[in-house]
Amino acid sequence: MDSAIRTRDLRKVYNAQPPAAAGRSDSQDQSRRKKESKPQIIALDGIDLDVAPGQIFGLLGPNGAGKSTTVGILTTRVRPTSGTAWIGPHDVWRDQTAAKRLIGVVAQRPNLDFSLTAREILLFHGAYFGLNSQERAERAWVLLERFKLTDRADQLVRGFSGGMMQRVSLARAMMHDPQVLFLDEPGAGLDPQTRLLLWEIIRDYNQKGRTVLLTTHNMEEADALCQQLAIIDHGKIIAAGSPRELKASIPGGFLLRLRFAERPDSLIDGLGKLSGVTEVRPSGDTGVDVYAGRGGSLIPEVVNTAAGCGVELSDVHISEPSLENLFLHHTGRSLRE
Amino acid sequence: MNGKAFLALLARDAHVARRNLIPLLFQTFLEPLLFVFIFGRVMVGSGYLPATYKSLLLPGIMAISMVFTGIWAVAMPLIGEFQFTREIEDRLLAPIDISWVAVEKVVAGLIQALVAGLVVIPMAWIILRPGLELRLQNPALFICITLLVAGFSACGGLALGCSVDQQHIGLMFSMVLTPMIFFGCTYYPWSALSNFPILQKFVLINPLAYASEGLRATLVPQFPDLSLPLILAALTLFDILLLVVGLRQFHKKAVS
């Protein structure tokens, strides 16, 4: 079956000033920067995606990883530097209008029409997509009801809270019943109750056979909602698969983040020989990350090994198999960093 | 082009304009009304200006009213909608080429500019009569010039609205619109500049000069004015130029 979303070697390079705090710069660097008036920032560096129809697909990564740029290209808002992007049978950048018919988009920041009420936003959106007035009115009514917005439906959205705006945005994106729904950080800044409502609505929409692509830096959201995931960092996909597959790919499963007073080489060797340990990595100045098939039961042996090397264990953090650990394993950084 | 989507975009703008009708009326008509009253009525009535000034002034006021309204109606919403809130995003995602979203803004601005221009005539007639001498000899030509003037003001609004940031709106008014109005042959005919030959040439780069002179040529032909073919050619050229520049700027703003 054809993919609902497909990209091939998608690259996006922005011509912009580098961030002021970016990296170390000596005087030679500075003079070179002055000559290059527009340094380039590589936002996407060869992204290949295949999303099957009817899937909830997640793009998981930290801020600035390239998630929103990927969504921007797929939704005609950002022009790729090279590569191709397809929605169903349509090349997004050759046949924009046809691609736009198939998609609904919820942007990261609320971009509601502040001159209109919630109901009018839905009605006009339906009109842009050619729905007749009866269809528009019926769908708007159903969506306002579903999103618990009926009591404020005829007020200007200017005064709405962030959560309400997010609900109107999602209702608007669903108004023309698109085949593919894009949600850029749908849960960001929402209270737990609203987030659960959104998750339920997204799942229901998916059950109708619709494809959903969402971006998130929240592992819980990715784990709870997505059937397939791609983990993205620095404009590249570093791992892809179902959440279960991805978590199973972490060596050992458990991650023990240990900190010692000092870290002799003998300690690393000793920890690597403990039963169930699959990988040992130095972390920071005196830290060690241990990937293992068990968690808490390993601690007495860790303490003994440390004592044998003449060092003291000063801090322990045990995490169960998670996407966070997977990200850490691939990048050496936490998703939250 | 997707006609249904285009009409829906136009309906959205009409709906918002209806909602803001009262402030819109004040914004459009208060200044020309006061101008007509002070210069056409008070200054002429007290003998500081000749009675014929009433007829001379009206086409200029009409041009200002149209140009100001057209630019305001297109530029101001665009400046706001392209800023942080990105309110225009939903319309950019409508199943229609984004150039048509810009053209729709121009059409909406053009309609508002036409209304603003045409309402000045009865309004001024009430304030200025007796003594106002309008001689509409060629209605087709008048309609053509009025459409071209409304067109360049709306296209100018598109070009400015997509080139100016929110923090520079004040600058846009003081650096672009104010000189345009004062050097636009609005309060005086172009022929009155014959004693200032350099200025007389200089004002010809200002599209408003052709707008005022064009309306003067069709409404009060008793006064000398620029040649009609020149006026028509210049207005057409400004319409096309500003539309092309406006569309280019719109694409730059809409797609990153």
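Trainee: What makes the largest nonpolar core a core, and which residues have the most contacts inside it?

Mentor: A nonpolar core is a set of buried Ala, Val, Leu, Ile, Met, Phe, Trp, Tyr and Cys residues joined through C-beta atoms within 7 Å. Buried means that 20 or more other C-beta atoms, placed from the backbone, lie within 10 Å of a residue's own. The largest such set has 166 residues, and A:Ala171, A:Phe182, B:Val149 and B:Leu235 have the most contacts inside it. Helix 3 (residues 53–81) of chain B gives the most to this core, 17 residues; a helix here is a DSSP run of H or I, at least four residues long, numbered from the N terminus. This is a predicted model, in which local features need pLDDT of at least 70 and side-chain atom pairs pLDDT 80 or more, while totals for chains, interfaces and linings use all residues. Residues are numbered from 1 along each chain as its sequence is written, with chains lettered from A and ligands numbered from 1 in the order in which they are written.

Trainee: Why is this core said to lie between domain 1 and domain 2 of chain A?

Mentor: Domain 1 (5–14 + 46–243) and domain 2 (251–320) of chain A both give residues to the core, so it lies between them. The domain bounds come from an automatic or database domain assignment.

Trainee: What is B:Val149 in contact with, beyond its neighbours within four places in sequence?

Mentor: Two residues are in contact if their C-beta atoms lie within 7 Å. By that test the partners of B:Val149 are B:Ala63, B:Met66, B:Gly117, B:Ala211, B:Gly214, B:Leu215 and B:Leu235.

Trainee: Why are strand 12 and strand 14 of chain A called edge strands?

Mentor: The open sheet of four strands runs in the order 12-13-11-14 in chain A, with antiparallel pairing. Strands are DSSP runs of E, at least two residues long, and two of them pair if DSSP finds at least two bridges between them. Strand 12 (277–283) and strand 14 (313–319) each have a single partner strand, so one side of each lacks a neighbour in the sheet.

Trainee: How do you know that strand 11 and strand 14 of chain A pair?

Mentor: Strand 11 (residues 254–260) and strand 14 of chain A share six bridges in the antiparallel sense, and pairing asks for at least two. Within strand 14, A:Ser319 is the bridge partner of A:Leu255.

Trainee: Which strands does helix 11 of chain A touch?

Mentor: Helix 11 (residues 299–308) packs on the sheet, touching strand 11 and strand 14 of chain A.

Terms used. Buried ≥ 20, exposed ≤ 12 C-beta atoms within 10 Å, placed from the backbone. Axes fitted to C-alpha atoms, helices over the stretch in contact; angles between N-to-C directions.
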